[in-house]
Amino acid sequence: MGTDGQPEIRPRKILVGQQDPQDRDFLRLFLDIVGGYEILEAADGIGLIKQLKRRPDMILMDTSEEGRFLRALEIVRRTPVVRDLPVIIYSSDQGKLAETVGKGVDGFVINPSPPATLLGKIWRILGQEAQKEAEPGSFANRYKRDVETIDNLPTLPTVYAEVDRLCQDPDVA
């Protein structure tokens, strides 16, 4: 129970399996901050399989050959305990669409795509509760709390002045 007597709602866990560290970082930040999800990470198929013990609610993964993610997907689909776990592919390799559908994925999002497209696909697969968990009010409250904990946060005029300075002389960082 929460401090207000209401049942405590645990954030849903999304296991992000991406070989590219920039994609992994973007997904972690976006899904945590905007979506309100707890993010588990894996850089390859072996890491993805190991993270399954943390009981994610969904897998969002790449199709990278070097990362062996498609092999991990086969293992997931053959393992009774996690067989029905929703899996979304987030990849720039559109050629893998038919292969991944044949392996039982629940969705495919082309990378890059608008972040709203990815979030919409997650909501559609996880259901209406997932959308309610990420309502604007919950995001605003988390954002306000996070901003209040940052020391020496620059004011908007300071940021504008710095952007203006960089635009005048872009070679100076």
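User: What makes this an open sheet, and in which order do the strands stand?

Analyst: Let me begin with the ground rules. This is a predicted model, in which local features need pLDDT of at least 70 and side-chain atom pairs count only at pLDDT 80 or more, while totals for chains, interfaces and linings use all residues. Residues are numbered from 1 along each chain as its sequence is written, and side-chain values use heavy atoms, with hydrogens and water left out. Now the sheet: 5 strands form it in the order β2-β1-β3-β4-β5, with parallel pairing. Two strands pair if DSSP finds at least two bridges between them. The edge strands β2 and β5 (107–110) each pair on one side only. From one strand to the next, the twist averages 20°.

User: How do you know that β3 and β4 pair?

Analyst: By the bridges: 3 of them join β3 to β4, and these strands run parallel. The definition asks for at least two bridges, so β3 and β4 count as a pair. One example is M61, whose bridge partner in β4 is I89. On its other pairing, I89 stands opposite F108 in β5, and 4 bridges join β4 to β5.

User: What counts as a helix or a strand here, and how many are there?

Analyst: Both are DSSP runs numbered from the N terminus: helices are H or I with at least four residues, strands are E with at least two. By that rule the protein chain has 8 helices and 5 strands. Their order from the N terminus is β-α-β-α-β-α-β-α-β-α-α-α-α.

User: Why is the unit of β4, α4 and β5 called right-handed?

Analyst: A crossover is right-handed if, with the strands pointing away from the viewer, the path from the first strand over the helix to the second runs clockwise. β4, helix α4 (residues 97–102) and β5 make a right-handed β-α-β unit.

User: Which helices pack on the sheet, and which strands do they touch?

Analyst: One is α3, which touches β1 (13–17), β2, β3 and β4. Another is α5, which touches β1, β3, β4 and β5. Touching is contact, meaning heavy atoms within 4.5 Å. The direction of α3 makes about 160° with that of β3, and the direction of α5 makes about 175° with that of β5. For these angles, axes are lines fitted to C-alpha atoms (for helices over the stretch in contact), and the values run from 0 to 180 degrees between N-to-C directions.

User: Why is L119 called buried, and what does L119 contact?

Analyst: Buried means under 20% relative accessible area, exposed over 50%, and partly exposed in between (1.4 Å probe, protein chains only). L119 has 7% relative accessibility, so L119 counts as buried. This residue lies in helix α5 (residues 115–126). Leaving aside neighbours within four places in sequence, L119 is in contact with F30, L31, V34, G35 and Y37. L119 and V34 are 85 residues apart in sequence and 8.9 Å apart in space, C-alpha to C-alpha.

User: Is R55 buried or exposed, and what is its phi?

Analyst: R55 has 64% relative accessibility, so R55 counts as exposed. R55 is found in the loop between α2 (45–51) and β3. Its phi is near 60°, a positive value in a residue other than glycine.

User: What makes a nonpolar core, and how many residues has the largest?

Analyst: A nonpolar core is a set of buried Ala, Val, Leu, Ile, Met, Phe, Trp, Tyr and Cys residues joined through side-chain atoms within 4.5 Å. The largest has 18 residues, and those with the most contacts inside it include L15, L48 and I59. The largest share, 5 residues, comes from α3. Apart from this core lies another of 16 residues, among them F30, Y37, I39 and I122.

User: What joins the side chains of K96 and E65?

Analyst: A polar contact of 2.3 Å joins them. The term means a pair of N or O atoms within 3.5 Å; within protein, one must be able to donate a hydrogen and the other to accept it, and residues adjacent in sequence count only if both atoms are side-chain atoms. K96 is found in the loop between β4 and α4, and at 12% relative accessibility K96 counts as buried.
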